[in-house]
Amino acid sequence: MEHFFPWEGVVLFPRKYNLGYLYFMEKMDLEELRYPIGQFVVPESFDDTTIQNWISELEIFPQKFSLLVKNLNDKQLDTVYRPGGWTVRQVVHHVSDSHHNSYIRFKWTLTEDQPVIKAYDEKAWANLLDTQTGPIEMSLDHLSAIHTKLVYLLRKLAPSDLNRTFIHPESRAETSLKENIGRYVWHGNHHYAHIKNLLDKNNW
Ligand code: NI
């Protein structure tokens, strides 16, 4: 009979509300761990200074990223940056693999008429054995080489080149090269923040 008491709703409502609130907070924390610098937002307009600043960020990123991770030991490298997330080692290899794919997309777009790019399964790549166990130095060297080549190329491009676009095969979204420069600055900083937050949290 208890559940017919008139104050039932009064008692139950706050409890439901609190559970929902806790769930909401958990989702917020997870979102914060997943996207520590937020999602990439495409600017409404791109001035030349913004693009040049992005290219300079791409230029320094491999060194900045290397300084963050190069002295970590194997135990630290094999620690996940968030519950259910990749290890630091996987993140390092992922960044080099991702920017490798991006480099190819820049070249396709400069040499073909609005190419449809090839998507890749980044989760499956991150689970390959080299990404799970390989020394990070090879990906740090790889990232440094890719960025050196990409930055050299980007600085030679005319504004009309930067307006060239590619098409994503799944979303069919059209992306310009200038937008993609910003996206990869964001992408590097996004994963940098994952690792930096883990190091800070553990006082490493
Ligand atoms: Ni990524």
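Helix axes here are lines fitted to C-alpha atoms over the stretch in contact, and angles run from 0 to 180 degrees between N-to-C directions. The model is predicted.

**View 1. Helices α2 and α7 pack at about 170 degrees.**
Helix α2 covers residues 48–69, and helix α7 covers residues 136–154. Their axes are 8 Å apart. An angle over 145 degrees counts as roughly antiparallel, and α2 and α7 are therefore roughly antiparallel to each other. On the α2 side the contact is made by Ile 55, Leu 58, Glu 59, Phe 61, Pro 62, Phe 65, Ser 66 and Val 69. Facing them in α7 are Ile 136, Leu 140, Leu 143, Ser 144, His 147, Leu 150, Val 151 and Leu 154. Twelve residues of this contact are nonpolar, three are polar and one is charged.

**View 2. The largest nonpolar core has 22 residues.**
Val 69, Tyr 81, Val 88, Val 91, Val 92 and Ile 195 touch the most other members. Helices α2, α4, α7 and α9 each supply at least two residues of this core. The most come from α7, which gives six. In soluble globular proteins, nonpolar side chains tend to be buried together.

**View 3. Val 92 is in contact with Val 69, Ile 136, Ser 139 and Leu 140.**
That list leaves aside neighbours of Val 92 within four places in sequence. Val 69 belongs to α2 and meets α7 there. Ile 136 and Leu 140 are on the α7 side of that helix pair.

**View 4. Val 80 is in the loop between α3 and α4.**
Helix α3 spans 74–77 and helix α4 spans 88–111. Is Val 80 buried or partly exposed? With 14 C-beta neighbours inside 10 Å, Val 80 counts as partly exposed. Beyond its neighbours within four places in sequence, Val 80 is in contact with Gly 85, Trp 86 and Thr 87. Val 80 and Leu 198 are 118 residues apart in sequence, yet their C-alpha atoms are 8.5 Å apart in space.

**View 5. The buried residues of α9 pack against α2, α4, α7, α8 and β2.**
Helix α9 runs over 177–202. Its buried residues are Lys 178, Asn 180, Ile 181, Gly 182, Tyr 184, Gly 188, His 191, His 194, Ile 195 and Leu 198. Among their partners, α8 covers 159–162 and β2 covers 174–176.

**View 6. The end C-alpha atoms of α9 are 38 Å apart.**
At 1.5 Å a residue, the 26 residues of α9 should span 38 Å, which agrees. Just after α9 comes Asn 203, with a positive phi of about 55 degrees.

Terms used: Residues are numbered from 1 along each chain as its sequence is written. This is a predicted model: local features need pLDDT of at least 70, side-chain atom pairs count only at pLDDT 80 or more; totals for chains, interfaces and linings use all residues. Helices (H or I, at least four residues) and strands (E, at least two) are DSSP runs, numbered from the N terminus. Angles under 35 degrees count as roughly parallel, over 145 as roughly antiparallel, 65 to 115 as roughly perpendicular and the rest as oblique. Two residues are in contact if their C-beta atoms, placed from the backbone, lie within 7 Å. Ala, Val, Leu, Ile, Met, Phe, Trp, Tyr, Cys and Pro count as nonpolar, Asp, Glu, Lys and Arg as charged, and the others, Gly among them, as polar. A residue is buried if 20 or more other C-beta atoms lie within 10 Å of its own, exposed if 12 or fewer, and partly exposed in between; C-beta atoms are placed from the backbone. A nonpolar core is a set of buried Ala, Val, Leu, Ile, Met, Phe, Trp, Tyr and Cys residues joined through C-beta atoms within 7 Å. The expected span of a helix is 1.5 Å times one less than its number of residues.
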